[in-house]
Amino acid sequence: MGMTGSRPRILLVSQEGLYPDFVGGMEVRGAELHEALARFADVTVLSRTRLIEGSPALTADAPFHPTLTGAPSTRSARLLQHVSWRAGVVAAQRGARRGVRRQLARVRPDLIYLNSASHLSPAVMHALLTWGAPVVAWFGDRQSRLAQLFGEEWRRGMSGELGQATRLLPDATMDAKRIPEHLQLVFNCRWLREFYVPQFPAGTPHHVVYDGVDAEHFAPLLGSRHLAPEGEAPVRFTFLGRAVPEKGLIEFAVAMVRVDARLRALGDAAPELEVEIIGDGEALAPALEILSRSGFGARVTALGVCQHSAVPVRLRRGSVMVTPSRDEALPAATMEAMACALPVIATDVGGTNEVVLHGETGLLVPVGDADALLEACMTLAQSAELRHRFGAAARARVLQQFRRHDGIEASVAAMRAAMQHPAPTERTQRAPEEAPRGAVRSS
C-alpha cells in the first residue's frame, strides 16, 4: 500500500490509549512516540475500544467496536451467549475482526505500528497483520500474543473450549512457515529478542532498539549527594515499581530488616538506614508490616503511586536503588534510578544485565538469593565512595546507551524505512557494541 499526499498515515496501536501521567516506566512511551510521529505523519491511535487522536479527515474519538479482547459485549453476541457460550465467543471474535477492518478502511494507514497489543485478540491482530500495510511490532515484555498467530497453540486452545464452533472463526492463524510480507519485529533488549524470535517464522526481519528514559527529566541535582561522597547523612535504600510479588518488594523488605540488624551490630560507626517505597500494589501492606515489626517506624516512607513528574524528585533523595525483581525485560525503574545517579542493586533477570554492569554501575545478584542480596546491600551501605563511583558511572551509562529520545528516534527511523521498503529482506545482525547510540540493530 503506497503513501498518498504529502504526509503518510500511521496507525499507532496502543491498547490503553495514550497513558496518563501517573503511569510510569515504559507505558509513557506511547505519548512520546505519538508526539515524534506527528511531526511528519497523520497519526491515529487505536486503543482497545476506539480510535482517538485521528487526523483532521477523521472524527476524533470515533466510537469503535467494543470487543477487541474477544469479550462478547455486542447485543447480538449477548443474545447468542444466552443460547450458547461458544456461539457468543465466536460472534465476538468475528465482530471484532470486522470492526477493525471497517476502521482500517477509514484510516487507510500507510503503516501500522503495534506499540502495545498484549490484550488484543488473535482475530484482531490477524486483521491488522493482513491489511496490506507494513506492520512494525514493538516488544517491551513477554506478554505479546502476536506470536500465537504463527502456531497452532491458540487454535488448539480455542478448539478445546469451542469444539466444532472453532471452524466459524475466520483466519485464526497465519502460515507457521511463511514469513509475513510486511512484518518487522522490534525488541527493546537482546533478551526479548532471544525469547521471541524462535516463535516466528525463520528469517522474519527483526531489530533490537534499546528504549530508555528522559535523561533531562531523570537527572541528579547539581551538588546533590550523588555527585559527591556523603558525610554523616542516613543511607536511604529506595524501591521503585509496582508493589507486586514478581517485583520483589517482600524480598526488599526482608533484606532491609537484615541490613538494619547488621548495621546496628556495628555500633555508632555504622550509618543509619532509611527506606523509601515508591509504588502501590498487593505486596505493599505485607512489606510495610515486615518493616514495622522490625522497628523501622518513621525511618520508612511509603509514597504509593507517584505522578511521573514527581518520581525523579524522590529518587534524588535516595542513596541506593534496590530491584530484587523476578521478572523483567528492559527494567525502566532501574534506568530511571541510574539516570538520577543512583547505584543499583538488582537481580540478574531478563535484560537487566544489559543495563546494569556488575561492579561498575551497581551490583547484580542471583534471583532468590537472599544472602547475596544482603551482602550487596551491606557493601553499598558501608561505602559512600563506592555509592558515588557507581552512581556517576550509572548516569554516564544512561547518557551513552539508554536515552529515551534516542530510542524513540530509532523507532521512528524503523517506521520510515518500513514505509519506504515494505518487504525487507533478511539482514545480518550487528553486535550491539558496534552500533551507534540509539541506532536500529537489525537482523
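Is arginine 108 buried, exposed or partly exposed, and what is its relative accessible area? In this predicted model, arginine 108 is partly exposed, with a relative accessible area of 44%, a value that falls between the limit of under 20% for buried residues and that of over 50% for exposed ones. The residue belongs to the loop that links helix α3 (85–107) with strand β5 (111–116), and its phi angle is positive, at about 50 degrees, although arginine 108 is not a glycine.

A positive phi is also found at alanine 341, where the angle is about 70 degrees and the residue is, again, not a glycine. Alanine 341 lies in the loop between α10 (332–339) and β13 (344–347). With a relative accessibility of 1%, alanine 341 counts as buried, whereas arginine 108 is partly exposed.

Taken as a whole, the protein chain contains 13 helices and 15 strands. Of its 443 residues, 55% are buried, and the chain exposes about 18700 Å², of which carbon and sulfur atoms supply 51%. When contacts between residues at least 6 apart in sequence are considered, 70% of them join residues that are at least 24 apart.

Within this chain, helix α4 (residues 122–129) is mostly covered, since eight of its eight residues are buried. The buried residues of α4 include Pro122, Met125 and His126, and Leu128 and Leu129 are also among them.

Strands β10 (residues 273–278) and β11 (residues 300–304) run parallel and are joined by four bridges. In one of the pairings between these strands, glutamate 276 has threonine 301 of β11 as its bridge partner.

Helix α7 holds isoleucine 250, a residue that is partly exposed, with a relative accessible area of 28%. Once neighbours within four places in sequence are set aside, isoleucine 250 is in contact with Ala283, Pro286, Ala287 and Ile290. Between isoleucine 250 and leucine 291, which are 41 residues apart in sequence, the C-alpha to C-alpha distance is 9.9 Å.

Glycine 248 is placed in the loop between β9 (235–240) and α7 (249–265), and, at 0% relative accessibility, it counts as buried. Leaving aside neighbours within four places in sequence, glycine 248 is in contact with Phe239, Pro324 and Ser325.

Aspartate 211 is located in the loop between β8 (206–208) and β9. At a relative accessibility of 1%, aspartate 211 counts as buried, and its side chain is joined to that of arginine 404 by a polar contact of 3.2 Å.

Technical notes
Residues numbered from 1 in each chain as written. Predicted model: local features only at pLDDT ≥ 70, side-chain atom pairs only at ≥ 80, totals over all residues. Heavy atoms only, no water. Pairing = 2+ DSSP bridges. Helix = DSSP H or I, 4+ residues; strand = E, 2+ residues; numbered from the N terminus. Buried < 20%, exposed > 50% of the residue type's maximum accessible area, 1.4 Å probe, protein only. Contact = heavy atoms within 4.5 Å. Areas by Shrake-Rupley, 256 points an atom, 1.4 Å probe, with all protein chains shown as cover. Polar contact = N/O pair within 3.5 Å; in protein donor to acceptor, adjacent residues only side chain to side chain.
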